[in-house]
Amino acid sequence: MAQDIEIVVEDPTAPDENSPAVTNTRTVELVVMALLLALAVLLGFDNWRTGASWDATGPEAGYFPFYLSVILGGAALYGLVTVAIKRTEGLETFVTRSQLRRVLQVFVPTLMFCLAMQWLGLYVASFLLISGFMAIIGKIAWWKSLLTAFIFVAIMFGTFDVAFDVIMPKGPLEAAFGR
Amino acid sequence: MEALGLLFHGFAVLFTWKILALMMVGLVLGIFVGVLPGLGGPNGVAILLPLTFSMDPTSAIVMLSCIYWGALFGGAITSILFNIPGEAWSVATTFDGYPMAQQGKAAEALTAAFTSSFIGSLVAVMLITFLAPSIAGFALKFGPPEFFAVYLLTFCSFVGLGREAKHKTVISMALGLLLAGVGLDTVSGQLRMTFGSNDLLRGVNFLVAVIGLFGISEILLTMEERLALRGHAARISLRTVWSVWKDLPKYWATLVRSSVIGCWLGITPGGAIAASFMGYNLAKRFSKEKESFGKGRIEGVFAPETAAHASGTAALLPMLALGIPGSGTAAILLGGLMVWGLNPGPLLFVEHKDFVWGLIASMYLGNVVGLVLVLTTVPIFASILRVPFAAIAPMIVVSCAIGAYAIQNAMFDIWLMLLFGVVGYVFKKIGIPLAPFTLALVLGSRAEDAFRLAMIGSGGDVKVFWSNGLVGSITTLAFVLLFWPLIDKAFEGIGRLRKPANA
């Protein structure tokens with residue numbers, strides 16, 4: 001039978017409830033629609049240059065994507081206009097300062113992980129990401145973080161590189177072990 | 001009857017130790033993925049797809065589809081015990097499931113959810129067994145105009161029947177179709193939209209996009225929210241299972257209604273979200289005790305779960321028979337078929353019988369095994385939630401990176417995944433749906449090829465899409481669905497005008 005409140009997980013870095021808004025959804029929607037419109041113009045121009053009409057063999061390479069660019073541009077323009085003329089009171093928050101900080105706490109390490117992967121290989125970069133993230137962001141004891149990261153990376157290596165023969169980027173450590 | 005014979009052949013293909021073991025691995029991984037907040041069916045399938053690259057197609061698709069079934073089952077655990085819907089289609093399950101758990105009836109609620117998931121899926125799998133071969137056989141007569149018309153029907157029904165703002169669905173779809181065209185044009189050999197980049201010559205791989213859009217963006221979104229959990233624990237006893245099962249005949253109307261709704265919305269791309277809400281709302285409307293819904297009524301668990309799972313499973317019917325997926329996850333599975341060199345669509349039933357019938361048989365077996373597995377292991381899977389998210393998040397990021405890299409062994413794809421992660425995060429927050437994008441990215445080049453071949457055949461005359469009864473009906477239906485909201489409003493207007501006149 002069910003017992004109340006048996007599983008409890010605390011969040012040491014929970015976002016502040018009263019954090020101020022960084023931006024609202026309307027502003028972000030305006031920016032996204034403008035970017036999509038610009039992308040549609042860019043792709044439309046490129047497809048026009050490639051050839052967006054008919055030749056002796058049928059539709060040219062840019063024909064189908066050109067008209068898709070027109071559709072994308074039209075929808076983005078519609079979105080831009082509808083958001084721009086929307087009433088401005090009671091705007092919905094897109095992200096609060098506290099939420100943004102937490103999003104960046106994942107995004108920045110992920111970015112650094114992608115960069116590190118190029119020089120250190122996937123497995124070393126993964127070990128650094130998992131152990132560092134658990135210890136620094138999650139405030140989990142270092143020994144637990146290092147052990148968890150090591151076990152996870154070892155399982156990944158065993159699964160992908162050894163059992164399934166999926167070759168991943170390697171760095172100096174793997175080279176030192178002759179792999 | 002022929003279908004039954006082929007189905008038995010499918011079971012024969014399936015009954016090897018290797019495939020049965022992969023099925024179990026898939027189900028366990030799937031339930032794990034379903035239980036973890038921030039992950040779900042499409043993400044799990046996309047992230048774990050690289051595991052299957054070195055397998056034969058039958059083993060691979062069996063494992064992937066079992067990940068999907070497992071994720072569908074696992075989602076109910078968090079919805080009922082923690083009031084956290086792992087997927088949007090689990091939202092309706094929380095309405096009555098969580099109150100039941102609060103009243104100490106978590107085991108009953110979970111049994112009801114798993115059982116109804118099983119019933120919904122079973123009805124849809126039976127539909128696939130008996131209908132898919134006939135549809136595929138019929139589709140063998142299709143030429144390029146018919147195929148393009150079917151693609152158009154899919155795209156238009158997403159726009160017309162979707163719950164999101166229409167222009168946002170159009171944006172999502174057009175963007176997906178455009179990205180599908182990046183790289184070398186296979187017909188003319190010309191480069192398109194590469195802007196001199198060697199990396200873009202290969203095009204934008206849809207799996208890379210999906211891993212970023214679903215995997216990375218979910219991590220960003222989940223981190224944004226408070227991750228403290230407080231919930232219930234439940235162990236399901238045989239007595240509880242029996243007490244729920246013996247009452248099942250009382251709810252036959254709800255189960256049948258929800259199964260029909262689910263199958264219908266799965267085949268037409270209405271989706272599991274719409275199906276679960278529609279199932280719940282109709283159960284409430286037809287109930288004699290409407291006011292008890294939302295307060296812990298078992299019917300409120302049966303209805304959305306049956307509909308959502310019937311829909312999720314039925315979405316595989318058009319994927320197998322026509323090569324057109326009915327949902328985001330089906331689109332990812334379809335991408336998997338292409339990775340293994342299979343051409344999804346009607347020819348699959350002729351050229352790869354072992355594969356198709358093995359997959360259909362695995363749907364039956366996967367659901368039975370999945371049901372037994374979840375009923376017996378709920379406490380273990382619920383305890384996964386005790387693991388802090390700070391440990392799970394970087395592991396998911398690493399799994400996503402492995403998945404994205406393994407597809408083409410390209411570092412560029414890792415960056416692309418990250419970019420799509422940010423795009424997915426922003427799109428989800430401003431309400432641009434991602435399922436049409438995935439669908440368009442998968443079907444884009446096939447739709448373009450069908451369009452070009454049809455147009456070349458007709459010398460550029462668009463009337464080719466109305467050149468016979470079949471293609472004409474499909475194209476017309478596509479436009480009806482595209483403008484359905486307007487047509488619906490017009491009917492409403494006429495109805496309102498008539499009322500005072502009659503009065």
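**Reading the two chains**

Mentor: Let's start with chain A: of its 179 residues, 45% are buried, where buried means under 20% relative accessible area with a 1.4 Å probe, counting protein chains only. This is a predicted model, in which local features need pLDDT of at least 70 and side-chain atom pairs count only at pLDDT 80 or more, while totals for chains, interfaces and linings use all residues. Residues are numbered from 1 along each chain as its sequence is written, chains are lettered from A and ligands numbered from 1 in the order written, and side-chain values use heavy atoms, leaving out hydrogens and water.

Trainee: How many helices and strands does chain A have?

Mentor: Helices (H or I, at least four residues) and strands (E, at least two) are DSSP runs, numbered from the N terminus. Chain A has 6 helices and 5 strands, and from the N terminus they go β-β-α-β-β-α-β-α-α-α-α.

Trainee: And which domains is chain A divided into?

Mentor: Domain bounds come from an automatic or database domain assignment. Here that gives domain 1 (21-95) and domain 2 (97-177). Taken over C-alpha atoms, the centres of those two domains of chain A are 37 Å apart.

Trainee: How do I read the meeting of chain B and chain A?

Mentor: Begin with contact, meaning heavy atoms within 4.5 Å. Chain B puts 75 residues into it and chain A puts in 78. Next comes buried area, the accessible area (1.4 Å probe) that two parts lose on being put together, summed over both. For this pair of chains it's about 6,800 Å², with 76% on carbon and sulfur atoms.

Trainee: Which side chains meet in a salt bridge?

Mentor: A salt bridge needs a side-chain nitrogen of Lys or Arg within 4 Å of a carboxyl oxygen of Asp or Glu. Between chain B and chain A the count is 1: B:Lys168 meets A:Glu29, at 3.0 Å from N to O.

Trainee: Could we zoom in on one residue? Is A:Asn47 buried or exposed?

Mentor: Remember the cut-off, then look: A:Asn47 has a relative accessible area of 0%, so it is buried. You'll find A:Asn47 in helix H1 (residues 25-51) of chain A.

Trainee: What does A:Asn47 touch?

Mentor: Leaving out residues up to four places away in sequence, A:Asn47 touches A:Ala52, A:Gly62, A:Pro65, A:Phe66 and A:Ser69, plus B:Leu178 and B:Met193 from chain B.

Conventions:
Buried < 20%, exposed > 50% of the residue type's maximum accessible area, 1.4 Å probe, protein only.
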